[in-house]
Every structure is written in C-alpha cells, then in structure tokens.
Amino acid sequence: MELLLLVTARAGEPSAVLPALDLLPHSVRTAPRDVRTLVSGPSPDAVLVDARAELSEARATCRMLHATGLGVPLVAVVTEAGLIALNADWGVDDVILAGAGRPRWRPGCGSRWAGSATRRRGPAARSGPAS
C-alpha cells in the first residue's frame, strides 16, 4: 500500500483537506509544517501540501521541500481562488483542486496524478509563441 504525506497547518482528518482521500486505498499520514516532523517516519510515495489557505506559508513549505531534493512528487492542494498565486517558484510537481473528485494513480506517466486531479501549467511550460 502506498503512503501519502499530507502537510497541513490545521489539525483534523485528511478528508477535511481533500475529501477524495477517503476513497483512495493509500495510507495517509498528516504532519504539521515543521521540518523535523517531515523528515521523521517512513518515506512517503507523494507529499501533499495543504495550500487552501495561508498561501505564503504553503509556498514557503513547498519551496523548502523542493530545495531539500525531495525524491517524490510534491503536490499542492489549492482552492480555485488560490490558483492565481501558483507559479514555478513554488517548486510543485502538480496541483489538485480541493473540490476535485477522486484522484486516480496512473503508473508510468510523467505526472502520477490524473483523472480528476487538476494540473496547472504556467507560461514557462508552453512551447512556441503564444497566439
């Protein structure tokens, strides 16, 4: 069974951050935004960062995790309103909208989150001139 690490500033059930997590066969471990807590425990298969509120703290957490050379996908969970704040500087591999349906794990893909997971690509990811 795969392990997901959910980094959040709020205590509570993981389904409060992303209701679809209850539908997945994964084990979910929650951790506060504290480096010591993040490096302790078993190595996760993916790290989800709660970026629904407190965007500056979520950005700092994502940047710190990215800078450590995290070897697993780093995914930000955001609201639609929070999408405007995201850019390449965050260092995330993918984005999931908090109101999205069940994410499906799709092995063998460049991005492991597919289906209902909402992916955002910035202008730097586009090839060729914009029309």
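**Chat about a parallel sheet**

Q: Let's start in the sheet: how many bridges join β1 to β3?
A: β1 and β3 are joined by 4 bridges, and they run parallel.

Q: Good to know. What is the average pLDDT of the protein?
A: The average is 75, and 71% of the residues score at least 70.

Q: And where does pLDDT stay under 50?
A: That is residues 108-131. The model does have 39 contacts for this stretch beyond four places in sequence, but where pLDDT is low, the predicted coordinates should not be read in detail.

Q: Okay, back to the sheet. What is the strand order?
A: The order is β2-β1-β3-β4-β5, in an open sheet of 5 strands with parallel pairing. β2 and β5 are the edge strands, each pairing on one side only. Direction ignored, neighbouring strands are turned by 25 degrees against each other on average.

Q: Which helix packs on it?
A: α3 does, touching β1, β3 and β4. The direction of α3 makes about 160 degrees with that of β3.

Q: How about the other pairings, say β1 with β2: how many bridges there?
A: β1 pairs with β2 (residues 27-31) over 5 bridges in the parallel sense, and Leu-6 stands opposite Thr-30 in β2. β3 and β4 also pair in the parallel sense, over 4 bridges, with Leu-74 in β4 as the bridge partner of Val-47.

Q: Is β1 mostly covered or exposed?
A: Mostly covered: 5 of its 5 residues are buried. Leu-3, Leu-5 and Val-7 point one way, while Leu-4 and Leu-6 point the other way. In a regular strand the side chains alternate between the two faces of the sheet.

Q: On to packing. Which residues have the most contacts inside the largest nonpolar core?
A: They are Val-47, Val-49, Ala-51, Leu-74, Val-78 and Trp-90, in a core of 17 residues. At least two residues come from each of β1 (3-7), β3 (46-50), α3 (55-67), β4 (74-78) and β5 (94-97). Another core, of 12 residues, lies apart from it and includes Leu-6, Leu-18, Ala-46 and Val-75.

Q: I'm looking at Leu-74 now. What does it touch beyond four places in sequence?
A: Leu-74 touches Val-47, Val-49, Cys-62, Leu-65, His-66, Gly-91, Val-92, Asp-93 and Asp-94.

Q: Switching to charges: how many salt bridges are there?
A: The count comes to 5. One of them joins Glu-54 and Arg-33, whose closest N and O atoms are 3.5 Å apart. Glu-54 sits in the loop between β3 and α3 and Arg-33 in the loop between β2 and α2 (35-39), so the pair ties together parts 21 residues apart in sequence.

Q: Which residues are in a network with those two?
A: Glu-57 joins in: Arg-33, Glu-54 and Glu-57 are linked in a network of salt bridges.

Q: And Asp-50, buried or exposed?
A: Asp-50 is buried, with a relative accessible area of 3%. Its salt-bridge partner is Arg-52, with the closest N and O atoms 2.8 Å apart. Arg-52 is partly exposed at 21%.

Q: Last one: what does Arg-63 form a salt bridge with?
A: With Asp-89, the closest N and O atoms being 3.6 Å apart. Arg-63 is in helix α3 and Asp-89 in the loop between β4 and β5, 26 residues apart. Arg-63 is partly exposed, at 38% relative accessible area, and Asp-89 is partly exposed at 35%.

Terms used: Residues are numbered from 1 along each chain as its sequence is written. This is a predicted model: local features need pLDDT of at least 70, side-chain atom pairs count only at pLDDT 80 or more; totals for chains, interfaces and linings use all residues. Side-chain values use heavy atoms; hydrogens and water are left out. pLDDT is the predictor's confidence in each residue, from 0 to 100. Contact means heavy atoms within 4.5 Å. A nonpolar core is a set of buried Ala, Val, Leu, Ile, Met, Phe, Trp, Tyr and Cys residues joined through side-chain atoms within 4.5 Å. Buried means under 20% relative accessible area, exposed over 50%, partly exposed in between (1.4 Å probe, protein chains only). Two strands pair if DSSP finds at least two bridges between them. Axes are lines fitted to C-alpha atoms, for helices over the stretch in contact, and angles run from 0 to 180 degrees between N-to-C directions. A salt bridge is a side-chain nitrogen of Lys or Arg within 4 Å of a carboxyl oxygen of Asp or Glu.
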